[in-house]
Amino acid sequence: MTGAARIQPVTHPPGPSRNALKGTDPGRRGRGANGSTGWFGAALVAPACLVLLIVLVLPSLFAFAYSFLKLNYTAPQGFGGLTNWNRAVFQPEMVGLLVRTAVFVAGSVALTIAVSLPIAHFLDRIGNRISTILQLVVIIPWVMSSIVAALLFRWTMLENIGIVSFIAEHLGAGWDPLLSPTQSMISMIVVASWRTAGFAVLLLLAGFKGVDRQLYESARIDGASRFQEFRYVALPGIRTQLIIVTVVLFMSNLNNVEVPLTVTNGGPGDATMVLPLRIYELAFSKFDFGGATAMAAAAMLLNVALVVVYLRLTFRKR
Amino acid sequence: MKETKQRAGAVRWLTGVGLFGLALVNLLPIAWGGLTSIKPANAVLGYPPIIVGFEPTWDSYRTALGGSAWPALKISLFYSVVVTVLGLVIAVLCAYALDRIEFRFRRVILFVIVACIPLSMGAATLLIPNYIYFSSLNLVNHWFTLPLIYLGLNLPLATWVMKGSMESVPRELDEAGRVDGASRMGVLFRVILPVCKPGLVAAGLFMFIGCWNEFVAGSVMVTDPGLRPIQVAIYQYISVLGRQWGPLTAAATLAVVPILVVVIALGRYLISGLTSGAVKG
């Protein structure tokens, strides 16, 4: 079986079937047949639950608890009320920080989707062999680490001694995007989108593969143009995938430390300082763990909202 | 008629240009980074960019491997292999129970695991409380610190991929195995898993790549240079060590090549995993 052929039969959103949460088939399973089954099942999931509890669940809860404690470096020093929140979150500078974060996140999500939709649509319509090769090319920035991808992109495209700078100079344009606040923000958005576009292309492609081919046929018979086909047949057909991709992209950009850190490190000045980078910096450069926890708790609220949307999408009934 | 033909020609031409541009944008940074890594120090910062006509040298690789990159590559390989192997075992057992056995709290646990998929992308936010309580329990800066965290970050997705994979295995196969006298575990390992190979490879790839590429936790949870993962070592060439683009591109090339080889060899599993069950940015 070729790689591309494997992708075909996706007719429901990613993940196990939507009925995953419903009960299992009572005729075949259940405790009735074997009294020890309950303990057996619990034993099998126990290691996974333990790890997730330690690494993901407890810290999520602790994020809120710690934010109300006085912290000396990382050592709790008793109840602090809203001290941390007042010092780090309820500050005028927070407005600018949130605006920049919103610009970065919304810009990256929008650009990623805008780029990956036509690519995915195109890959859906060409031969399997070429499509597989192109999918591998497309996914490359995503399988590289954020650090390496962002640094190599910066070195090639954004530095004033890089390849693009050389070309721009020959075309009579100056090139030093990391000196200007606006261009730095744009650069950061471009790098983040460049890295996630391949991932979005593959998920959207899975969506397009699930659209009934006959719908295209009938649209063509009705005299629809290529664009109308895309707009009125393909797009509605991948609605769920589009929303899931959007949610995942929101989540990953809202928590993106690596790209801001390596592309601009917040600069010039504070022009590209975004929430996750500020949290990271506050804790591990300024060692204000109290302030960082309050900010992390605030960010966690946003994350939890996105997790809820994600869960609803995953388990939504038809 | 002629006009349509012309239009079709133009569309094909534009498509070709678009695809060329796409390949260029995605591959140029790797190519340029690779080229930089074999330049002598004085050519690295040369402008206009020096593309040909320099004496290739391994100096940057010697600097990187003689410095922090070599131990970092070794420890990252250790982290990734341990987490992938251990993670696959844990994920397979968990997915099997969630898919085939009815027990109390099954639905709750499934729900929590799915919630953990997006949650694990919020690692930057989780890092702060994680660091504080790991510190107070004296769990930071050990050989097991990062494997534990990486296991947690990658397990939800791997479990979900495995569950999706097992769902498609007909239960009649289980029963046939049971009739032949196999135990539950025997059925899992001899009947179900062989059929789930694509899912197994995809889950393993996600975990391996996830570990190999992780930076944020690696940069703060360990301080001992011998425990520092490769991504942190690469970043240090632009942070604490100044801007050393030569060794940086050399270390980055060393970190990227294994991933590219794996992805080119097993990419179709990665793609099928992504398009069938994996939803993480």
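Student: What share of the contacts in chain A with a separation of 6 or more is accounted for by residues 24 or more positions apart?

Tutor: This is a predicted model. In chain A, residues 24 or more positions apart account for 72% of the contacts with a separation of 6 or more. Chain A has 14 helices and two strands, and 46% of its 318 residues count as buried.

Student: What makes H8(A) a largely enclosed helix?

Tutor: A residue is buried if 20 or more other C-beta atoms lie within 10 Å of its own. In H8(A), 25 of the 29 residues are buried, so the helix is largely enclosed by the rest of the structure.

Student: Where does H8(A) bend, and by how much?

Tutor: The bend is at Thr196(A) and amounts to about 40°. That angle lies between axes fitted to the seven residues ending there and the seven starting there.

Student: Which residues touch the most other members of the largest nonpolar core?

Tutor: They are Ile279(A), Ala91(B), Ile234(B) and Ala251(B), in a core of 181 residues. H8(A) gives the most to this core, with 17 residues. At least three residues come from each of domain 1 and domain 2 of chain B. Not counting residues up to four places away in sequence, Ile234(B) touches residues of both chains, including Ile147(A), Val148(A) and Ala251(B).

Student: How do you know that domain 1 and domain 2 of chain B are in contact?

Tutor: Two residues are in contact if their C-beta atoms lie within 7 Å. Five residues of domain 1 of chain B are in contact with seven residues of domain 2 of chain B. The touching side of domain 1 has one nonpolar, four polar and no charged residues. The centres of these domains, taken over C-alpha atoms, are 34 Å apart.

Student: What is the class composition of the side of chain A that touches chain B?

Tutor: The contact takes 91 residues from chain A and 95 residues from chain B. On the chain A side, 63 are nonpolar, 23 polar and five charged. Helix H2 (residues 37-67) of chain A provides the largest share of that side, 20 residues.

Technical notes. Residues numbered from 1 in each chain as written. Chains lettered and ligands numbered in written order. Predicted model: local features only at pLDDT ≥ 70, side-chain atom pairs only at ≥ 80, totals over all residues. Domains from an automatic or database assignment. Nonpolar A, V, L, I, M, F, W, Y, C, P; charged D, E, K, R; others polar. Helix = DSSP H or I, 4+ residues; strand = E, 2+ residues; numbered from the N terminus. Buried ≥ 20, exposed ≤ 12 C-beta atoms within 10 Å, placed from the backbone. Core = buried A, V, L, I, M, F, W, Y, C linked by C-beta atoms within 7 Å.
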